[in-house]
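Student: I have a new model open on my screen and would like to work through it with you. Shall we look at it together?

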Amino acid sequence: MARRTGGTGRAAMVLRAVVLGLLLGSTVPAPAAVAAPDVPSYAFADDVREARAATGAAGAARLEPGATYRSTLDGGSKAYYRLELDDASTAYVAVTAIPRPGSTPAVGDGITVSVQDADSRSCSFESATIGAARSPQPVTAWGAREIRSGKGLCQRAGTYYVVVERSDTGTGETAEDPWELELAPVTEPPLAATDDTGTPRAWDSATPAPPSGEPVARPGGAGFSVATAVGQGVWRDEVVPGETVFYRVPVDWGQQLYAEADLAGGTTGSASGTGAGAGSGYTVDALELTLYNPVRAKVVARGTGYGGTQKSAALDPVPPVRYANRYAPTDPQNSLRFAGSYYLVVHLSTQVAEQFGDGPYEVTLRVRLGGTPESGPGYLGRPVPRGVFGTDTGSGPSGGSTAGGDDPVMRAVAAAGFGTGSALLLFLGGWTLIARRRASAQIRVSAQNPTA
């Protein structure tokens, strides 16, 4: 199974060879099977910037809203980063930590993220941990400096600090490992009027039936920045144990998102010879589905164990997206405060391989959007990055979808039903971008029909 990364590599070369073979009329042999599938690496944004982790406020690297940063956090240490904020905009900073693949963290291993003012007073504090499965996977926590009437702390313009700390227990294999970090700062402007503030509305908490029908192949991305755009529908992927895949769903003001992930029984065939039904036992939290909002703040999660037969993890119902949700006392309602791309993140535990084989395993994602789109609040200015709180992301909220958001080549491939011959011809104009974002799916197509 090919790696889902944000860059080109062996997968890109294979795709280019297939295209050249078609042009020259030659037969290109299928890629050789790999003895054991690798776990795809986390994909950082192509334009990611480096930010050195400072051990204190002195020398803390400045984070610019709208940019994405890559850093490293050593075991048992703190990392400081700097924000320069005005006295009107609310700022959010999501921090994703990536443990070393192949390691075995402890249940409580994770990170804590806080935003502090220049006097070390805390504006926010949140933690995220690996969980009971002890499977190394990206974990995300967020910090915020909120501008709100009547709130005393953290309301002035000036310097603020994002402080990231490892919350490891010291008992896992990752306790001394450096973890890579991805930091994504965002700012939200104030409202032009205060009409949209107030008490959150009541909402319908009933769970509708999940979408049915034949699933459409849609490989997930390997990180937030390369998440695959989908709308309402049924989407299928093949995932190896230890892998995390990312999808984004545009959700408009007033809409309600429902989602579940189904793990099929057995594997879809494995290079190591473990086929459907192989293995026995039980894996706790084998499959985990997590919903994040447009600034990558966790909304809700659901996991399920696996004993070799099909299982499903369905998210609890969440409220419609409304500005006033931010005044709710608790999550998930508090996090459903703006429209935009919501992220559905699926992780398959490494423990599944120990019990049932290397896979890959078929995972089906069912997405439904309820409610009627409403007009949003009137912002006084633009968010940074521009468009982060909108739904113009290449996938219609009422059910239309694309395989790659603003990727016209992938839209054409999806419209053609992923037909091998026509898809490969379309690669002429966009093979580099396709290799970077969808190499896994296209290599499988080429291997199955190398002479098309």
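Predicted model: local features only at pLDDT ≥ 70, side-chain atom pairs only at ≥ 80, totals over all residues.

Student: Are Cys123 and Cys154 buried or exposed?

Tutor: A residue counts as buried when its relative accessible area is under 20%, and as exposed when it is over 50%. By that cut-off, Cys123 and Cys154 are both buried.

Student: Let's move to a glycine. Where is Gly308, and which residues does Gly308 touch?

Tutor: Gly308 is found in the loop between strand 17 (298-306) and strand 18 (311-314). Its relative accessible area is 17%, so Gly308 is buried. Leaving out residues up to four places away in sequence, Gly308 touches Gly265, Gly266 and Phe356.

Student: What separates the C-alpha atoms of Gly308 and Gln355?

Tutor: Along the chain, Gly308 and Gln355 are 47 residues apart.

Student: Now the charged residues. How many salt bridges are there, and why can such side chains pair?

Tutor: Side chains of opposite charge can pair when their charged atoms come close. One of the pairs is Glu146 with Arg148, at 3.0 Å from N to O. The count of salt bridges comes to 16.

Student: Does the label buried or partly exposed belong to Glu146, and which belongs to Arg148?

Tutor: Glu146 has 17% relative accessibility, which is under the 20% cut-off, so Glu146 counts as buried. Arg148 has 29% relative accessibility, so Arg148 counts as partly exposed.

Student: How many residues apart are Arg326 and Glu188?

Tutor: The side chains of Arg326 and Glu188 form a salt bridge at 2.9 Å, N to O. Arg326 lies in the loop between strand 18 and strand 19 (340-348), while Glu188 lies in strand 10 (residues 179-188). Both residues are buried. This pair links distant parts of the chain, and the residues are apart by 138 residues.

Student: Which strands hold Asp262 and Arg366?

Tutor: Asp262 and Arg366 meet in a salt bridge of 2.7 Å, N to O. Asp262 counts as buried, at 15% relative accessibility. The pair ties together parts 104 residues apart in sequence, because Asp262 lies in strand 15 (residues 256-263) and Arg366 in strand 20 (residues 361-370).

Student: To finish, what share of contacts in the protein chain joins residues at least 24 apart?

Tutor: The protein chain has four helices and 20 strands. Of its 452 residues, 53% count as buried. The accessible surface is about 18200 Å², with 49% of it belonging to carbon and sulfur atoms. Among contacts between residues at least 6 apart in sequence, the share joining residues at least 24 apart is 76%.

Key: Residues numbered from 1 in each chain as written. Heavy atoms only, no water. Buried < 20%, exposed > 50% of the residue type's maximum accessible area, 1.4 Å probe, protein only. Helix = DSSP H or I, 4+ residues; strand = E, 2+ residues; numbered from the N terminus. Contact = heavy atoms within 4.5 Å. Areas by Shrake-Rupley, 256 points an atom, 1.4 Å probe, with all protein chains shown as cover. Salt bridge = Lys/Arg side-chain N within 4 Å of Asp/Glu carboxyl O.
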